[in-house]
Amino acid sequence: MLSRAVKFIIGFVVATVVWLWISPLLARGMAAATEPLLHLDARFRDAQLSASESMVSVDAPHGTFPQTKYPADQLTFNVILLVALFASNRKPWRDRNIIAFLISLAIILALQPLALLVTIETYYSGFTKWGETQYGNVATNVWLVLSMFWRLVGMFAAVFACWWVSGGQVES
Amino acid sequence: MTPRTRDQLRFVLKFAILLAIFYAVVTPEPVDRNVIVPFSHALSVVSGGVLNLMGQHVRVAGTVIAGNAFAVDIKNGCNGIEAVVFLCAAIAAFPASWRARLLGILAACTIVEGLNIIRIVSLYLIGKYRPSAFGAFHLAVWQSVIFAAAVFLFVAWTSKVRKADAVASR
């Protein structure tokens, strides 16, 4: 357990530094991947998403909805835990561990645009005057609950589930 | 699919369902008002006491710990309840006796909340003395550390339960 903890701490520190460095890149990727998803909602058909540093901006070229910005790094830092957990496995550089890590990373990265989509819908439905005319009470509450669940528990639970299914827990 | 993979997937499915159920239990406004907020207040009182022992001269009002130069408010997401929910779901989903599960939940949640007091105290000190680092520590570092601790405690508990089962089956 001690060896696992030491490897975890090393992985955690390295992952934090790398995450701080690549956060703007992750934000750009999220903005690009989330834009077509947001277009599925007719209210945001002409929405344009762009990233500057770690902030993702949602713009309406025709002024159909208010503009907003969101710190995307609040949705991406679960990759730190993912890296640290896989680093803590008995033989972290073994092919099997690296492949499992890459598959898990792909899953976590694929979930991030969905998380941003939920966050944007939550903001507009619950925190704008415009949203009061566009969303019903049920929709507003559903977006809010989904958003809070993901940010408080879900984003870490997804990382844990990926790591657990990959068999990392039995190698201590 | 190997039996081990099937067991792991079954565990993850149970874990996900229980996580959603436990989260739904702690989320409603009456639970928040009557259980979560008083709990956050208790955490604030203990953390404020620790900070005062360190000579910080802070006051506690509700869930706010305030000093002369800085204040922190213990909101949902900072009270460790999310890690407690995670631990309860993981331990309840794992095949073990109910006694082992209850003891595991009690011990793990106590440790996580102890760690959470360290988080609150350190965030107050970081906010006061290194405000530029507060955002990164508040968001990325401590959130990840709390969940990492929850995962480690769960893994430690599962290995203890497996050993006990192995001894019992001899």
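**Reading a contact and a sheet**

Author: Let's start where the chains meet: 23 residues from chain B and 22 residues from chain A make up the contact (two residues are in contact if their C-beta atoms, placed from the backbone, lie within 7 Å). This is a predicted model, where local features need pLDDT of at least 70, side-chain atom pairs count only at pLDDT 80 or more, and totals for chains, interfaces and linings use all residues. Residues are numbered from 1 along each chain as its sequence is written, while chains are lettered from A and ligands numbered from 1 in the order in which they are written.

Reader: Which helix of chain B gives the most to the side that touches chain A?

Author: Helices here are DSSP runs of H or I with at least four residues, strands are runs of E with at least two, and both are numbered from the N terminus. On chain B, helix 1 (3-26), helix 3 (81-93) and helix 5 (131-169) each supply at least two residues to the side touching chain A. Helix 5 gives the most, with 11 residues.

Reader: Okay, and how do I read a sheet?

Author: Strands of a sheet pair through backbone hydrogen bonds, either parallel or antiparallel. Pairing here takes at least two DSSP bridges between two strands. In chain A, 3 strands form an open sheet in the order 1-2-3, with antiparallel pairing. Strand 1 (48-52) and strand 3 (68-71) of chain A are the edge strands, each pairing on one side only.

Reader: How many bridges join strand 1 to strand 2 of chain A?

Author: There are 5, linking strand 1 to strand 2 (residues 55-59) of chain A. Look at Leu49(A): its bridge partner in strand 2 is Val58(A).
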